[in-house]
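Me: I am new to this structure and would like to learn how to read it, feature by feature. Could you take me through it slowly?

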Amino acid sequence: MVDLTTNYLGLTLKNPFVASSSPLTNKLGTALQLEEAGVAALIMPSLFEEQIIHDSLRLDRDYTRGAESFAEALSYLPETGQYSVGPDKYLDNLSNIKRAVKIPVFGSLNGVTTGGWVDYARRIEQAGADALELNLYDICTDPEMGSQEQEDRHITLVRDVRARVSIPIAVKLSPFYTALPNFARRLTEAGADGLVLFNRFYQPDFDLETLDVVPHLVLSNSHELRLPLRWIAILYGKIRTDFGLTSGLHSAEDLIKAVMAGASATMVASELLMHGFGRVTEILNDVQEWMEEHEYVSIEQMKGSMSHQAIGDPSALERANYMRVLSSY
Amino acid sequence: MMREKITLDGNEATAKIAYKLSEVVAIYPITPSSAMGEFADEWAAYKQPNLWGTIPLVIEMQSEGGAAGAVHGALQSGALTTTFTASQGLLLMIPNMYKIAGELTSTVFHVSARSIAAQGLSIFGDHSDVMATRGTGFALLASNSVQEAHDTALIAHTATMEARVPFLHFFDGFRTSHEVNKIEQLGQEDIRAMVDDNLVQAHRARALSPDRPVLRGTAQNPDVYFQARETVNPYYQVCPDIVQKYMDKFAALTGRSYHLFDYEGAPDAERVIVVMGSGAETVADTAAYLMGHGEKVGVVKVRLYRPFSMKHFLKALPATVKTITVLDRCKEPGSSGEPLYLDVVAAISEGGASDPKPRILGGRYGLSSKEFTPAMAKGVFDEMLKDTPKNHFTVGIYDDVTHNSIDYDPEFHIEMPQTVRCVFWGLGADGTVGANKNSIKIIGEETDNFAQGYFVYDSKKSGSVTISHLRFGTKPIRAPYLISQANFVACHQFSFLERYDVLKYAAPGAVFLLNSIYGPDQVWDNLPREVQQAIIDKKLRFYVIDAYEVAAQTGMGGRINTIMQTCFFAISNVLPREQAITEIKHAIEKTYGKRGEAVVKRNFEAVDQTLANLFEVKVPEQVTSGFTRRPPVPNQAPEFVQQVLGAMIAGEGDSLPVSAMPADGTYPTGTTQWEKRNITLEIPVWEPDLCIQCGKCCFVCPHAVIREKVYAPSYLEGAPESWLAMDARWKEFPDMKYTLVVSPEDCTGCGLCVEVCPAKDKSQVGRKAINMAPQPPIRERENINWDYFLSLPEVDRTQMSLKTVKNSQLLQPLFEFSGACAGCGETPYLKLLTQLLGDRIVVANATGCSSIYGGNLPTTPWAKNAEGRGPAWSNSLFEDNAEFGLGMRLTLDKHGEYARELLAQLAGLVGESLVDELLRADQSSEAGIKAQRERVATLKQRLAGIDDDQARDLLSLADVLVRKSVWIIGGDGWAYDIGYGGLDHVLASGRNVNILVLDTEVYSNTGGQASKSTPRAAVAKFAAQGKSIPKKDMGMIAMAYGYVYVARVAMGASDQQTLTAFAEADAYDGPSLIIAYSHCIAHGYDLKKGLEQQKLAVASGVWPLYRFNPALIAEGHNPLSIDSKEPTIPVSQYAYNETRYRMLLQSDEQRAEALMKLAQKDVRGRWDLYKQMAAMHYEGDGNGKTGND
């Protein structure tokens, strides 16, 4: 019997299979089904501060539009009780799920203001989250903003959040950093207990008929695994932190590769959305089977076994890789 | 007992009691009473219990008539039942009121008293409605202030239980109903102490029940009806004493003492005014002031008007009285006096008052909330001093026709010096009124001061002006009239200074606060001369703040309310500055807290940024300005527009004499063109290099401010320098030029035109053929272009097909520049209608949004063309519009028939061939109509010279020989609910009328109450929990007749289908019904996205497009064509863009999801049904007409 347990962010997970942020982790019913299927932890969808601000301002605008202007219609919508435009609904949901399941539940946060990051992080902790994923997802469009400034901003907020919450913190990153290892090191020094690679960007599309920019959601595929796989492999061992791999995990092979690169936790969403909860058990069974077949005894044994430091030819993970691919044509 | 002090208006104060003491509440919206029903609905939605711990059952009915019926039924079955209404609504209840009273049934109707529509509709207050119920047998109990409304409501509810006489409790609409005042709230214990549960149980015991069956509601014959009618006398005899008993009980409980008739004034008064309602407070204050100056005056306040207790009245009257003036707030034309006057005359005559009996005068005041001030009250007292005073006079107006009005000194004031008086000019959209309501609450509830607020609005739904009147001070404030001498005047919009006499309210030495983009050093030079003069003459302290800049910096957009509120507190020193800021923030949290932290934070930041931007201006000693206030209308406007409408536009309508007003309520059309409101900072600008001349921007423009013309190139000579033109792309108009213009001062800046424009720059897709740009720099340039555009000839309607959207927009709109909301979804349909048929339509318009933006003075958007032809428009009532329009049709049909009969008889005189052509004319095309008009002109010429009675008759009817189209227009509140019975009958009649339903899915004009058109899962007032039943499918009901043309259209989804439907409806010789999707401000989103929402409504199947043309049946075709595709998106994708749906998701997610599932099911079911109907096989019957043949 192989040992599938893994340590991630100071928590012992029964296996590396973590249900990543998706509508499935947002509802009590599906959260329970995920637990039953065997996932080791749940990551809630992100609490987006920007969305909260937007909802609040929009509700206010819609209420005040046309109000107190015309004698016969001093308002156009009834006043009802409370609206869940703030974080309360998210936090209540988190608490409910946390109470109902036995596996760890991670909160996730995407802030826009310093105050927002810290405040909501504390509230997520108070709601009972076992750990917090900070989702550093913002698009820097300002030509005046340099990379150093942008990175410093993120380091500051990780430090600020670290100072105010005591649960473990993982930082979820995008792949678009010039010097990722340096930034990863600084994040760890600022207090991150783990790094999650990489965030998926839902890139908008163009509608050629209407010439509009339109949102476009595409679920991941296995090819996307390569990027985080490579970077976890490069960072593992060099940066003393835990790694989570997200994007492109669809099979037992993918999961095994992730662990070999150095991931302590592997986050899956698209596969479950496409093929249902049954895939959790299937993948975990396949992993176990593969490990038994290949005589691995534990996840810990396998973790980082194909990282930059562990492989015989580290250049395979570096630039040479690119050159070799080209020259093979 | 310490009771809570609360600050609220009369409607809420009343509803609080009514709700507590009811089990069933039947409601229907009507201004100014709607808020009472809204409160009841919301409280029930939040599960607030009544006195007995159960939640009242609140139901919206289809009309006030329906509400009264439901009340009657609920009462008969033993429920404690109430309703709220006003004006025509109360009139619709009258039949049931007779029954309820005749059956001695305890109930209270709460009425915010309002004018009755006569020569014109008015939403404002007087006693015309209440007086119309005098004969019903209801007790009529008046309250004069917000506190009294609260108190009297309780007295009414308790007295009726014992008296068994039903009560109508009333207070002045648009004074007490909407005045915000600090009152002492009655607690649960107070209400409990007043109510006798034995009487409640006795009420139930009288109920109809099969367990103890009785019969009520018999028909009675001449032998006994009379006697039976007299049986109730004993109840009416004791009713006044019962009311006084409960008033005394109330006094013992609260210390506030009321009597059936309350006298205030000198014990030895010789001159006494008898008056009822809020005006009594004004008279009482004035009498107290005059007594202080040695005058022997007093006032009798009438509280219980019916049953009128002569005994109590005479007892209240001082024995010393020599002259009584009775003031009535209503008018009974042709009577020997108004109602209260006649009652007083009878009481004095019968009551044995001392000899010589006092002289009794009667007067009218305050109709339609006309101001009734202490100056007017003094004028009435002064009149009594004259040897030959006027009787049956009016006060408050200048009657230069029948010379009934009495004089008064408008400069007479009695304001208490310790009362601080503030006037704020705001724009509807800037939040001024909301902030002032908060200020009153802060002052009223956080200090020991008393506070009062009243708010005046103009009649526009976009760019409206609001004037807030706030009083506060250490003594109770009972001044139910506007402030004329303010210590503080704030103008929140700089442009008002050019349009209105803003400083007329300022007392000498007052503070003037101005929101100005000009700083303290520049502002003076930018003020009109009149403003500078007033500041100098009145020695005003002058402050400025650039509130827009502060708002921009703090993310508040155009909402400057909290910024200006902070300035007010900082300057006025009502509270220490720090405390004021704390209280403002507290109020912000209370008001906006539930909308989320972000809103609160932004407001806080605005407050914090304000004071650093507030500056006092050093006022120069001399007037230096080189410009004056703009005239309200241009000098080239017709005289009536300048003299009469102009005064109204300038806010000076009160000064117009009786002679200025048309005697029969008839006004010229086409007058909005003179009211340049200039309300937007951004307007669309045309880019000819991108334009494809599709006309869509013109098509959707709700205010008809975007126009296009095709014209001969020769007109380019003499065109303004900035004139833009391109080659016209019409096959019908080769070698012509094309120009599109915008009226910069009529545009509301809604942006719909930009949204709909399909032409994008290939190198920069964000640039379209029409784009918004700042208005001020191009205003004059575009005005010049607009004027030149108007001077170009209109296109010849006979030279092109009117069946395409592109062509239709070359036609002159005869509906323009209405006061509808910016981005209104209704008005584009009306504009289109007038473009297609405007010169030959008669419009019957139901009361509602369309009657307000269509016919609320001062101006009307219904216009006429160069030949003087255009829509003839009228509004009858809310409930009868279909019948009203049918009446118009009947006249046209009868006159047409008679004219044709006369033609045949006069053929020898006017010419056989002309008669033949007139009778056989094909008027199915523009050319045909043009030809018929020419024939009629010839006919008239020939008839004019004939000395014959029949010829003269025909001459008076000749125009009817040209085809006219009757359009019956209204909203869904009318069509689906209150007017549905009539509408159904008119459809069934088979007559050739066209009914256009502007379907916003709520009662928009009264603030968004649910109608039967409101869709499932949407939240609306009166459906605060989200509507649980689906929208009524009125189109389906109409189709069932088989001979009614029915179309369901949404111009945002298919403009061509809309156009086709209008043309087909007009062409169909029978009844037509067009149900038009009209996006609305009550849906809760930025209306510039309205067309997009229309597309989504159609794509989701929520609003399928179809046309059902019975004319096709005769040709063997299925009459139903579904014009939209099978639903492609879920309902939620459409619905959750709108706050009316989304707010339920945010407040009760589970219910929202359940209702949304059902809504999705509704769509599927309806679609399947339509599809089956459209697939049915029809065979021609060889008979072209299926209607009323």
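Reply: Chain A holds twelve helices and 13 strands, where helices (H or I, at least four residues) and strands (E, at least two) are DSSP runs numbered from the N terminus. This is a predicted model, in which local features need pLDDT of at least 70 and side-chain atom pairs count only at pLDDT 80 or more, while totals for chains, interfaces and linings use all residues. Residues are numbered from 1 along each chain as its sequence is written, and chains are lettered from A and ligands numbered from 1 in the order in which they are written.

Me: What is the radius of gyration of chain A, and how many of its residues count as buried?

Reply: The radius of gyration, taken over C-alpha atoms, is compared with a globule rule of 2.2 Å times the number of residues to the power 0.38. For chain A the radius is 22 Å, close to the 20 Å that the rule gives for 329 residues, so chain A is as compact as a globular protein of that length. Its C-alpha trace spans about 80 × 50 × 45 Å along the principal axes. Of the 329 residues, 49% count as buried, that is, with 20 or more other C-beta atoms, placed from the backbone, within 10 Å of their own.

Me: How should I read a pair of packed helices?

Reply: Two packed helices are described by the angle between their axes and the distance between the axes. Here axes are lines fitted to C-alpha atoms, for helices over the stretch in contact, with angles from 0 to 180 degrees between N-to-C directions. In chain B, the axes of α11 (residues 279–292) and α14 (residues 374–385) come within 9 Å and cross at roughly 65°. That makes α11(B) roughly perpendicular to α14(B), a word used for 65 to 115 degrees.

Me: Which residues of α11(B) and α14(B) meet?

Reply: With contact meaning C-beta atoms, placed from the backbone, within 7 Å, T282(B), V283(B), D285(B), T286(B), Y289(B) and L290(B) of α11(B) meet P374(B), A377(B), K378(B) and F381(B) of α14(B).

Me: At what angle do α30(B) and α31(B) cross?

Reply: The axes of α30 (residues 912–920) and α31 (residues 926–944), both of chain B, cross at roughly 140° and come within 10 Å. In this pair, L914(B), E917(B) and L918(B) of α30(B) meet R935(B), T938(B) and L939(B) of α31(B).

Conventions. Parallel < 35°, antiparallel > 145°, perpendicular 65-115°, else oblique. Contact = placed C-beta atoms within 7 Å. Buried ≥ 20, exposed ≤ 12 C-beta atoms within 10 Å, placed from the backbone.
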